[in-house]
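Please read the points below with the sequence and the model open side by side. They are meant for someone who has not worked with this structure before.

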Amino acid sequence: MLTQDQLKQQVAQAALDYVLPQLHPDSILGVGTGSTVDRFIDLLAAHRSDFQAAVSSSERSTQRLRAAGIQVLDLNEVTSLALYVDGADELDHQLNMIKGGGGALTREKIVASVADRFVCIVDESKLVERLGRFPLPVEVIPLAREAVAREIRSLGGQPRLREGFVTDNGNQILDVAGLQYDNPAEFEAVLNNVPGVVSCGLFAISGAQIALVAGQAGVSRLELQE
Ligand code: 5RP
């Protein structure tokens with residue numbers, strides 16, 4: 001029986017195998033955040049001369065990329081990204097995701113929005129029939145925290161401040177339990193409209209295009225028809 005760590009390692013390798021043939025010396029790769037992505041970055045290090053640079057979704061990944069000898073560009077210096085590789089806290093079969101367990105959701109959403117293809121890499125514990133077990137991270141401007149929390153309660157959620165945590169953007173995170181998503185994209189739009197919300201961890205208006213899911217029987221691929 002493979003452990004979750006071994007499955008993360010397996011899916012990181014599968015991501016590398018998927019990405020490498022698509023990289024050229026002038027390619028720029030979008031890189032997400034989290035323990036699964038850390039493993040992907042470590043594997044990518046041996047191939048740093050096969051592509052030009054990365055754009056990172058967090059200070060954590062930036063540090064790891066640089067330590068691996070991979071050049072990191074600011075997103076403002078880049079007009080397009082063919083691929084963005086990132087993990088998720090939950091993934092459904094329509095490739096909607098909940099992200100932000102590591103608190104990097106806003107930058108992840110921004111970098112992903114510039115990429116042509118979001119490649120989601122998860123172990124099978126993250127694959128669910130219906131999103132909602134994992135509390136939804138919502139990044140808020142500190143001044144608006146209580147106002148946003150009240151609004152979220154009126155939508156049926158139970159917000160809880162992530163104590164002692166400040167995002168790379170200087171904001172706070174509310175982790176929201178108890179939400180039901182009949183229509184994840186619609187709910188994402190509702191939250192996006194609450195004043196003081198910077199972004200929420202629902203990636204449904206724009207989800208992943210491809211998911212690599214590591215399980216006991218190997219890595220399977222989920223892909224939406226375009
Ligand atoms: C960080 C994220 C991560 O992708 C998510 O939390 C999964 O992390 P891990 O690979 O450590 O399980 O959204 O903000």
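Helices (H or I, at least four residues) and strands (E, at least two) are DSSP runs, numbered from the N terminus. This is a predicted model, in which local features need pLDDT of at least 70, side-chain atom pairs count only at pLDDT 80 or more, and totals for chains, interfaces and linings use all residues. Residues are numbered from 1 along each chain as its sequence is written, and side-chain values use heavy atoms, with hydrogens and water left out.

1. L95 sits in the loop between β5 (90–91) and β6 (97–98). Its phi is positive, about 70 degrees, although L95 is not a glycine. L95 has a relative accessible area of 1% and is therefore buried (buried means under 20% relative accessible area, exposed over 50%, partly exposed in between, with a 1.4 Å probe and protein chains only).

2. G30 belongs to strand β1 (residues 28–31). Its relative accessible area is 0%, so G30 is buried. Not counting residues up to four places away in sequence, G30 touches V55, L81, L83, Y84, V85 and V111, where contact means heavy atoms within 4.5 Å. One of these, Y84, is 54 residues from G30 along the chain, and the C-alpha atoms of G30 and Y84 are separated by 4.1 Å.

3. I28 is also in strand β1. With a relative accessible area of 17%, I28 is buried. Which residues does I28 contact, leaving aside its neighbours within four places in sequence? They are Q52, A53, A54, V55, L73, V78, L81 and A82. I28 and L73 lie 45 residues apart in sequence, with 8.5 Å between their C-alpha atoms.

4. Helix α1 (residues 4–19) and α2 have axes that come within 8 Å and cross at roughly 50 degrees. Because of that angle, α1 is oblique to α2 (angles under 35 degrees count as roughly parallel, over 145 as roughly antiparallel, 65 to 115 as roughly perpendicular and the rest as oblique). Axes here are lines fitted to C-alpha atoms, for helices over the stretch in contact, and angles run from 0 to 180 degrees between N-to-C directions. The crossing of α1 and α2 is right-handed; a crossing is right-handed if the near helix is turned clockwise from the far one by less than a right angle, and left-handed if anticlockwise. On the α1 side the contact is made by D5, K8, Q9, V11, A12, Q13, A15, L16 and V19, and on the α2 side by S35, T36, R39, F40, L43 and L44. By class, this contact of α1 with α2 has eight nonpolar, four polar and three charged residues (Ala, Val, Leu, Ile, Met, Phe, Trp, Tyr, Cys and Pro count as nonpolar, Asp, Glu, Lys and Arg as charged, and the others, Gly among them, as polar).

5. Helix α2 (residues 35–44) also packs with helix α3 (residues 59–67), at an angle of about 20 degrees and with axes 10 Å apart. The angle is why α2 counts as roughly parallel to α3. The crossing of α2 past α3 is right-handed. From α2 the contact takes S35, V37, D38, I41 and D42, and from α3 it takes R60, S61, R64 and L65. These residues divide into three nonpolar, two polar and four charged. S35 of α2 is listed in the contact with α3 and in the contact with α1.

6. K109 lies in helix α4 (residues 105–114). Is K109 buried or exposed? At 19% relative accessibility, K109 counts as buried. The K109 side chain reaches the backbone oxygen of L202 at 2.8 Å. Leaving aside neighbours within four places in sequence, K109 is in contact with E188, C200, L202 and F203.

7. T79 is placed in the loop between β3 (72–73) and β4 (81–86). T79 has 80% relative accessibility and so counts as exposed. T79 and V114 are 35 residues apart in sequence, and their C-alpha atoms are 7.7 Å apart in space.

8. T3 lies in the segment before α1. At 42% relative accessibility, T3 counts as partly exposed. A185 is 182 residues from T3 along the chain, and the C-alpha atoms of T3 and A185 are separated by 33 Å.

Conventions
Polar contact = N/O pair within 3.5 Å; in protein donor to acceptor, adjacent residues only side chain to side chain.
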